[in-house]
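Opened a new notebook page for this one. I'm jotting down what I looked up, in the order I got to it.

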Amino acid sequence: KNFMKPHLQEGPHRSFDTETAVLDSFFAPDGAAYALGRLNGDAWYLYTLDRGLAGSERALPPPDQTFEILMTGLDSRVAKNFYRSGEDGNDVTRASGLSK
């Protein structure tokens with residue numbers, strides 16, 4: 001499945017297959033592309049990079065942790081909690097109800 005409006009994306013971001021080919025041109029053989037989800041429905045696309053174990057010649061520092069929230073169709077009153085407005089992360093966590 002493509003992005004919601006692929007025709008509005010600049011290349012190579014019109015399809016995950018094209019993005020994967022570009023990323024592979026930089027990171028092969030250490031990159032891997034995944035589609036997580038139903039074959040006949042929405043899916044999450046993920047590209048990972050494994051540059052080896054610590055101490056190896058091509059090792060990278062440990063990655064940051066990432067949490068992605070899909071907000072398509074989310075009520076705007078709820079979604080506004082995830083926009084930064086000067087609060088720190090703890091304030092946003094409390095305001096969004098994620099701390100409960």
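This is a predicted model: local features need pLDDT of at least 70, side-chain atom pairs count only at pLDDT 80 or more; totals for chains, interfaces and linings use all residues.

**Aromatic pairs.** With that rule, I get two aromatic pairs in the structure. One of them is Phe-26 with Phe-27, at 6.2 Å centre to centre and 50 degrees between the planes. Why do I log this pair as tilted? Planes under 30 degrees apart would be stacked and over 60 edge-to-face, so 50 degrees ends up as tilted.

Phe-26 has a relative accessible area of 60%, and I call the residue exposed because the cut-off for that is over 50%. Phe-27 comes out at 26%, so Phe-27 goes down as partly exposed, the class between 20% and 50%.

**Layout.** Next I wanted the overall order of elements. The chain has three helices and two strands, and from the N terminus on they run α-β-β-α-α. Helix H1 covers 16-27, and strand E1 covers 31-37.

**The strands.** How do E1 and E2 pair, parallel or antiparallel? They pair in the antiparallel sense, over seven bridges, with E2 taking residues 43-49. The link between E1 and E2 is a hairpin of five residues.

**Cis peptide bonds.** I went through the omega values too. Gly-11 to Pro-12 is a cis peptide bond, with omega near 10 degrees. Pro-12 lies in the segment before H1. Ala-28 to Pro-29 is also cis, with omega near 5 degrees. Where does Pro-29 sit? I find Pro-29 in the loop between H1 and E1.

**Whole-chain numbers.** How much of the chain is buried? Of the 100 residues, 9% are buried, taking buried as under 20% relative accessible area.

Last, contact range. Looking at contacts with a separation of 6 or more, I find that residues 24 or more positions apart account for 21% of them.

Methods: Residues are numbered from 1 along each chain as its sequence is written. Side-chain values use heavy atoms; hydrogens and water are left out. Helices (H or I, at least four residues) and strands (E, at least two) are DSSP runs, numbered from the N terminus. Two strands pair if DSSP finds at least two bridges between them. Buried means under 20% relative accessible area, exposed over 50%, partly exposed in between (1.4 Å probe, protein chains only). Contact means heavy atoms within 4.5 Å. Rings of Phe, Tyr and Trp (its six-membered ring) pair if their centres lie within 6.5 Å; planes under 30 degrees apart count as stacked, over 60 as edge-to-face and the rest as tilted.
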